[in-house]
Amino acid sequence: MFCVAVCDDEKTVCQQIKSFLEPYCKKGEFEVHIFTSGEALYEAVSAGTRFDLIFLDIELKLMSGVAVGQKIREELCDEEVHIVFISGKTEYAMELFAIRPLHFLTKPFTRKQIIEVLEKAMRLSIRYQDTFEFKIDQTYYKIRYGEIWYFESKARKISLHTENEEYLFYGKLNQVEDATGHHFLRIHQSYLVNPQFIACYEYHQVHLLNSRTLPISESCRKQVKQQLLRKWSDL
């Protein structure tokens with residue numbers, strides 16, 4: 001069941017988004033939960049309620065949407081939920097970058113915009129449940145794409161990094177890049193990175209959530225900048 005949360009202190013906005021999603025709910029494909037404060041949403045997620053997608057208003061009265069997003073990412077360490085910020089303003093680009101939102105919608109938005117974001121979140125959620133398969137000696141492994149931080153090329157071997165483990169197997173980074181598709185970002189001839197774990201981007205390097213810094217090669221800089229900022233192109 002795909003679970004969606006809508007958090008906005010304007011009840012009409014909540015009801016509008018819910019009405020846009022109603023056809024999906026009737027099919028039994030997912031459910032929608034309404035929250036009218038950041039505190040209520042934070043209380044739900046901290047108590048263990050799992051959402052796949054959150055439409056989150058920035059200008060909430062007490063705990064802002066930005067504060068809720070930061071707590072979800074940093075305090076609860078949830079990198080899998082897709083956050084879509086909604087606002088009547090447009091000047092939040094750099095502030096939101098660190099929360100790694102899926103999208104930003106400016107009020108008033110349309111049904112088409114909501115459905116496009118929803119379908120993108122559903123596609124990505126399915127993708128990150130897929131697994132990358134490899135072999136070390138005579139043992140076969142499957143690691144979910146959503147758990148892989150980055151791949152590193154080491155001579156004729158590939159080092160696969162998760163939060164707590166490193167796996168070393170024979171292979172070529174170009175082949176790994178072909179297998180992972182556009183969901184991983186080539187930043188260097190030796191590095192292929194999962195963008196959801198990038199905490200900060202600079203011209204010559206990226207900083208990951210675990211404080212690891214990886215270099216961006218000169219030949220990749222333009223492409224990396226375009227791909228990382230594309231998600232925020234509407235901010």
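These are my notebook entries on one protein chain and what I looked up in it.

**Entry 1: the whole chain**

I started with the kind of model, and this one is predicted. Next I looked up the secondary structure. The chain holds seven helices and 15 strands.

I then asked about the overall dimensions. The C-alpha trace spans about 60 × 40 × 30 Å along its principal axes. The radius of gyration is 19 Å. A compact globule of 235 residues would have a value near 18 Å, so the chain agrees with that expectation.

How much of the chain is buried? I found that 48% of the 235 residues count as buried. Residues 24 or more positions apart account for 55% of them.

**Entry 2: surface and charge**

The chain exposes about 12,200 Å². Carbon and sulfur atoms supply 48% of that area.

I turned to the charges next. The chain has 30 positive and 33 negative charges. Their mean positions are 6 Å apart.

**Entry 3: aromatic rings**

I wanted to know how the rings sit against each other. A pair of aromatic rings is described by the distance of the centres and the angle of the planes. The count for this chain comes to 13 aromatic pairs.

I picked Phe134 and Phe169 to look at. Their ring centres are 4.7 Å apart, with 25 degrees between the planes. The pair is stacked, because planes under 30 degrees apart count as such. I checked where the two residues lie. Phe134 belongs to strand E6 (residues 131-136) and Phe169 to strand E10 (residues 166-170). They are 35 residues apart, and the pair links distant parts of the chain. Both Phe134 and Phe169 are buried.

My next pair was Tyr150 and Tyr191. Stacked or tilted? The centres are 6.2 Å apart and the planes stand at 55 degrees, so this pair is tilted. Tyr150 is in strand E8 (residues 150-154), and Tyr191 is in strand E12 (residues 191-193).

Then I looked for a cluster. One aromatic cluster is formed by Phe132, Phe134, Tyr141, Tyr145, Phe151, Tyr167, Phe169 and Phe184. The stacked rings of Phe134 and Phe169 are both members of this cluster.

**Entry 4: backbone exceptions**

Most residues other than glycine have a negative phi, and most peptide bonds are trans.

Which residues does a cis peptide bond join? I found Lys107 and Pro108, with omega about -5 degrees. Pro108 lies in the loop between strand E5 (103-106) and helix H5 (111-129).

Cys77 has a positive phi, near 55 degrees. Its place is the loop between helix H3 (65-75) and strand E4 (82-87). Cys77 counts as exposed, because its relative accessibility is 59% and the cut-off is over 50%.

For Arg100 I also read a positive phi near 55 degrees. Arg100 sits in the loop between helix H4 (93-97) and E5. Buried or exposed? Arg100 is buried, with a relative accessible area of 8%.

I began with Gly69, which is in helix H3. Gly69 is buried, at a relative accessible area of 0%. Beyond its neighbours within four places in sequence, Gly69 is in contact with Leu56, Ile83 and Ile99. Gly69 and Ile83 are 14 residues apart in sequence, and their C-alpha atoms are 7.6 Å apart.

Ile58 came next. I found it in the loop between strand E3 (53-57) and H3. Ile58 is buried, with 4% relative accessible area. From Ile58 to Ile86 is 28 residues along the chain, yet their C-alpha atoms are separated by 6.3 Å.

My last stop was Ile216, in the loop between strand E15 (213-215) and helix H7 (221-230). Ile216 is buried, with a relative accessible area of 3%. What does Ile216 touch? Leaving out residues up to four places away in sequence, I listed its contacts, among them Ile187, His188, Tyr201, Tyr203 and Val224. I also looked up Lys135. Ile216 and Lys135 are 81 residues apart in sequence and 28 Å apart in space, C-alpha to C-alpha.

Conventions:
Residues are numbered from 1 along each chain as its sequence is written. This is a predicted model: local features need pLDDT of at least 70, side-chain atom pairs count only at pLDDT 80 or more; totals for chains, interfaces and linings use all residues. Side-chain values use heavy atoms; hydrogens and water are left out. Helices (H or I, at least four residues) and strands (E, at least two) are DSSP runs, numbered from the N terminus. The radius of gyration is taken over C-alpha atoms; the globule rule is 2.2 Å times the number of residues to the power 0.38. Buried means under 20% relative accessible area, exposed over 50%, partly exposed in between (1.4 Å probe, protein chains only). Contact means heavy atoms within 4.5 Å. Accessible areas come from the Shrake-Rupley method with a 1.4 Å probe; for residues, only the protein chains shown count as cover. Lys and Arg count as positive and Asp and Glu as negative; His and the chain ends are not counted. The place of a charge is taken as NZ of Lys, CZ of Arg, CG of Asp or CD of Glu. Rings of Phe, Tyr and Trp (its six-membered ring) pair if their centres lie within 6.5 Å; planes under 30 degrees apart count as stacked, over 60 as edge-to-face and the rest as tilted.
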